[in-house]
Amino acid sequence: MKLDEEILKGKQYIDKLRREYIENHTRFQERDELIAENNIEKRDIKGYHGREILELLQNADDAYQKSIDKGEKPQCELKVTICYKGNVLTVTNTGTCFDEAGIKAIVQENNSPKSGKYIGNKGTGFRSVLNWAEKVRIFSGNYNVEFSKEIAEKILEEHKENPQIKKQIQKNKNLYIPMLAVPVYIENGRYNDTTTIEVVIDSMKLNDDFSVSRQIENIDLRILLFLPNISQIEIITDDNCIVYRRNNNQGVAESITLEKIVDENVEMQEEFYLYRKVITNAIEEDEVLKDIQLSIAVPLDMDTFMSRYIYSYFPLLDTESPFNCVLHASYALGDHRNTVNVSKENKKIIEEQLLFLVEVANQFVDKEQYDIAYNLLIPTNFSSNKWRFTSPFAKFELEDYYLEILSEQKIFRTVNDENISVKDKPKMISGNYPEFFRDKGFEGLLNSLLDNRMISLIEILAKRKEIDLYFEERELLQIINSLSNDWDIKKQVETFVWWNTRYRKSIPNLLKTQEDKWLKYQEEYYFLIGDFDEKGLPSWVKIPALHKEYQQELFNMAEGVQEVINVRERDKEPQISRIICQNNIFPTINFKYRDRSNIISTVNSSVDTYNKAIDFVKWLWGNYRKEIDWNPPGRTEGTRFKYNFPNARDKSTQDGEKLFWGLQYNNFLAEKLFDNSFGQFPQIEVFNISVEESAAFQEFISKFGVRKYPVIEVQNVYPLDSYSNEYENEIKLHGDIGCSTTVTCRYRLPYIKNLVDLLRKLSTREIVEWIIKDSELYVCLSSPFYFQNAKISYYGSRQQVERYYWDKIKNYILEVFNEVRWIEIDGKRYSPRQILQNFRSRTIKDLLALFLLLA
């Protein structure tokens, strides 16, 4: 009986609303109320077109929340089922039913119970169905109500002759009664414990851009984040069944999983941390202080998350989210519901939204989840070049406001595990750096695990505050120098390798020499490779060599340097020391490598006294005499290198090539063959060489240029007249001299320096002995012509460019021996040419035979 009374009461209330509406509009009055209603309705529903289904969902959520606010929370969850078949849309929800106020809000425009709590919440969304509807039916509790165009048109027809209605029709031929204004009770006598809204769609609206089908296809799963009471939306069509579901994860505060399930298959899944905030009495709207509602959904998986729109319960389709999260606010949307219009109210809301975003990020910082915090704070389109927010935030020019907020936040992690703000004057080092850069000197150094976008953001914040963010080279040098003495070798070498990848103008105290001294910037230091301990370098040799332990650690770490890796791939050079030196891997130090083949030059450079030269020779003999086919460095063809050997004449050092073997080595002619520019190599006893080793010692030392006889070498020669006249005449007759009358010749020939003087000074017997014992000279005198290395160039008196004589060139050494008077007979000296007719064609053997005959 009570139920029947409730149903009757509902019917009476519906009839009363319809009757009062008709009475109000048929009584005479000056105002054209119906025309005004037509205009307002058209304006209001236009802004909601395309959001009709979303508005129906929000109505269900709001009704459920209203019950909660009244302390009457329904016992069941709020689930919504949307069925669309044929041209009928049915929306059913559990949990709540319409009451008188709800029905009145539908019938009486701009009288929604939703109005008043949150900024922008007008309560007119249900009326958006008028964009589609031919007929609307509501079955909810004891209300079974129908609204239709047919009913409204019938009532208008019944009252069109009414003076009040008639005068408005005369002004507006298209005048109509809003169908939601004239409800009719459905006589079925049934009570409903759910709410069902049935909308019959106008056939003309089935295929427009905002049709029911298109809206169903485009429902955004993320709306469940901001409809806090709806746990599930089920959509049933002729083609499939789609379920949108929100699950609150157990044990994790505000952790939510959203799922889209199509025909029982999970098609999409997203997880979020959801944060909510309500700012009470924040903004005045319609002369009422209203709250701002804010929500931020932070994706658990930032890597796959795609930010799209900002939300005001539903996506605002003409917007782009400025951050890597889902942002919601109760904006003052106005008539156009897909963007945020410029207004002081919306500016205030966005300012609060930015503050809330920073608050949420700080919660992740507190949990040491810095990646999430930084991904939240960095705008999606952030760049260091004249950055602006995306639309619609860009309209409000809040970039400086946001950056100022960030400047004050202690969100930046230092190497000492402290959080500081930009105002605390942080420091940075470009790129990665050693992990032990911490504590003293590095108190404000920011952790290196920052991506490029976060680095750019910090740089902008520092620049705004005129803070020098990056360590200068000089500043970092001083810090490292104050710490390096307390580091172990591994840390010192790691820092050295790192420093050389970034800096070029200095080097901290990081590596040490064998003498325990720090390496200095761009000075020369050596890698000692091989068995140098066994070689026993002379004590006076001061080689600035890298300490053995530092050297080994440096070699190990150098293998990981990309440039070294590239060289190995390209050249396959086995020696890391050579790669470092030849490719200048560490440019702050001039590294050289020394092994068995090149340590000699280093030791040689330290020889500056006679005694050291003696030690040097002993060291060479002791370490290299047993190496087969060994030749000293700097003694190969085309290279020459001065060896500092002992000079016995004045107890000084002398170039080995300017020393000769003396009488002690059975070289009896030495004093006469070499002038005062040559020194004498010390006697063998000085070197503690045994008699058995004497020959081997002399052979070994000769490799360094110590001479027994004058050397034959290519040099500029000013020949005797007999030789030069012959070639000048030959060139005049057959050379390329044009119209020149005279020629000038230049001679570059193998020759013995001061040979003419030697032949005039030495006795005949001494010269013969020289020829016989000096095998090189003997061979030379055996040939009338040069075979190589001899050149004669010339130019005529009227020529500027030299030509070359291309015919065979006679042996000038032989010519000198033929021309100079060195054969003594009866106290007089004669040249071989004077003694033998046609001596030019004879060989040295003929000459020696003649000398023996005359002797």
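At what angle do helix α8 and helix α9 pack, and how far apart are their axes? The views below start there. This is a predicted model, in which local features need pLDDT of at least 70, side-chain atom pairs count only at pLDDT 80 or more, and totals for chains, interfaces and linings use all residues. Residues are numbered from 1 along each chain as its sequence is written, and side-chain values use heavy atoms, with hydrogens and water left out.

**View A. Helices α8 and α9 pack against each other.** Helix α8 (residues 344-366) and helix α9 (residues 370-377) meet at about 165 degrees, and their axes are 7 Å apart. This makes α8 roughly antiparallel to α9 (an angle over 145 degrees). Here, axes are lines fitted to C-alpha atoms over the stretch in contact, with angles from 0 to 180 degrees between N-to-C directions; helices are DSSP runs of H or I, at least four residues, and strands are runs of E, at least two. On the α8 side, look for L357, V358, V360, A361, F364 and V365; on the α9 side, for Y370, I372, A373, L376 and L377. Contact means heavy atoms within 4.5 Å. The contact residues divide into 11 nonpolar, no polar and no charged.

**View B. E352 is a buried residue of helix α8.** The relative accessible area of E352 is 13%, so E352 counts as buried (under 20%, using a 1.4 Å probe and protein chains only). Leaving out residues up to four places away in sequence, E352 touches I279, I292 and L294.

**View C. L89 sits in the largest nonpolar core.** This core has 75 residues, and L57, L89 and V136 have the most contacts inside it. A nonpolar core is a set of buried Ala, Val, Leu, Ile, Met, Phe, Trp, Tyr and Cys residues joined through side-chain atoms within 4.5 Å. Beyond four places in sequence, the contacts of L89 include I53, W132, I197 and V212. A second, separate core of 62 residues includes I283, Y370, I405 and L450.

**View D. L227 lies in the loop between α7 and β7.** With 0% relative accessibility, L227 is buried. Not counting residues up to four places away in sequence, L227 touches L57, Q58, D61, R246 and F314.

**View E. Helices α12 and α13 pack at about 175 degrees.** The axes of α12 (residues 473-483) and α13 (residues 489-500) are 13 Å apart. E473, L476, L477 and I480 of α12 meet T495, W498 and W499 of α13.

Note on methods:
Angles under 35 degrees count as roughly parallel, over 145 as roughly antiparallel, 65 to 115 as roughly perpendicular and the rest as oblique. Ala, Val, Leu, Ile, Met, Phe, Trp, Tyr, Cys and Pro count as nonpolar, Asp, Glu, Lys and Arg as charged, and the others, Gly among them, as polar. Buried means under 20% relative accessible area, exposed over 50%, partly exposed in between (1.4 Å probe, protein chains only).
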